Amino acid sequence: MELTVDAINKTFISNGNINQVLKDISFEVDKGQFISLLGPSGCGKTTLLTIIAGFQKPDSGSIIVEGKKVVKAGPDRGFVFQNYALFPWMTVKDNILFPMKQIKMPKAEREERLKVLLEMSQLEGREGLYPHQISGGMKQRTALVRALATKPSVLLMDEPLGALDFQMRQSLQDELEEIWLRDRTTVVMVTHDVDEAVYLSDRVIVMSTNKGQIVEDMNIELDRPRNRKSIEYEKYKNQLTIALTKASPEMTED
Ligand SMILES: Nc1ncnc2c1ncn2[C@@H]1O[C@H](COP(=O)(O)OP(=O)(O)OP(=O)(O)O)[C@@H](O)[C@H]1O
Ligand SMILES: [Mg+2]
């Protein structure tokens, strides 16, 4: 098993209020699987993803990546943040090189990898520009290949395409799929877009506002690239929309 999420509990206490965000969350992800976490705003998706990344600790439970228990962030887990989080004072090239320098990858190997990543993301010729000089889609691609730079076992993405307009989003979904198909990194992607989840995922886990509990765990058995117009595609979307509605605040109780 590539990734095991085992009985994760997480409670926040703020202003004297106890807020249990994740209660006893468990699932396993196979190597090379692309899974999405789908759920309403505030249901705990980012919290769970950052626990998998090792950015924060659960109250109890554990995360296992390739047989090793996660105790802190590491280069075996790439992360794409909800709002890109590129370093504004670094060029595209230096942003992508940064994680490779962190793990002390030898210079020649770094430069070689940089070339591959720039080609993959169609950013050749832009590597000398700063984040404020490139478009949203380019920023997103920079953030994506930066997360892939150290060849992580698991790629964690928090609404990676959330900030983009509809058309840009669809074309980047295709690019994301192409990049993923090249080396089939195990992916956990957070989204609240049903169409995006069906278009990209092998499997979709729906989380509820009620303590982040898993209310649906569905395999999407469709050939790639997926045909948005097919009846089967529509069927998956309908089923997930129903699950998402049930997972939303007015349908849940404490
Ligand atoms: N550091 C924190 N301290 C206190 N409460 C927190 C903290 N981080 C998250 N929360 C609370 O945990 C809940 C889940 O937050 P989280 O960011 O995981 O939701 P989300 O599913 O990612 O939502 P969105 O789709 O809007 O990004 C929210 O009620 C939030 O206020
Ligand atoms: Mg979030």
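A salt bridge is a side-chain nitrogen of Lys or Arg within 4 Å of a carboxyl oxygen of Asp or Glu. Side chains of opposite charge can pair when their charged atoms come close. In this structure, the side chains of Asp76 and Arg77 meet in such a salt bridge, at 3.0 Å from N to O.

## Basis of the model

This is a predicted model, in which local features need pLDDT of at least 70 and side-chain atom pairs count only at pLDDT 80 or more, while totals for chains, interfaces and linings use all residues. Residues are numbered from 1 along each chain as its sequence is written, and side-chain values use heavy atoms, with hydrogens and water left out.

Together, domain 1 and domain 2 bury about 1300 Å², 55% of it on carbon and sulfur atoms. Buried area is the accessible area (1.4 Å probe) that two parts lose on being put together, summed over both. Across this interface the rule finds one salt bridge. Helices (H or I, at least four residues) and strands (E, at least two) are DSSP runs, numbered from the N terminus.

## Aromatic pairs

A search of the whole structure finds six aromatic pairs. Rings of Phe, Tyr and Trp (its six-membered ring) pair if their centres lie within 6.5 Å; planes under 30 degrees apart count as stacked, over 60 as edge-to-face and the rest as tilted. Phe55 and Phe81 form a stacked pair, with 5.9 Å from centre to centre and 10 degrees between the planes. This pair links distant parts of the chain, 26 residues apart: Phe55 is in the loop between H1 and strand E4 (60-65), and Phe81 is in the loop between strand E6 (77-80) and helix H2 (92-102).

## Arg224 and its surroundings

By the salt-bridge rule the count comes to 11. Glu177 forms a salt bridge with Arg224, the closest N and O atoms being 2.8 Å apart. Glu177 is in helix H5 (residues 166-183), and Arg224 is in the loop between strand E10 (214-219) and helix H7 (231-247).

The peptide bond from Arg224 to Pro225 is cis, with omega near -10 degrees. Pro225 is placed in the loop between E10 and H7.

Conventions. Chains lettered and ligands numbered in written order.
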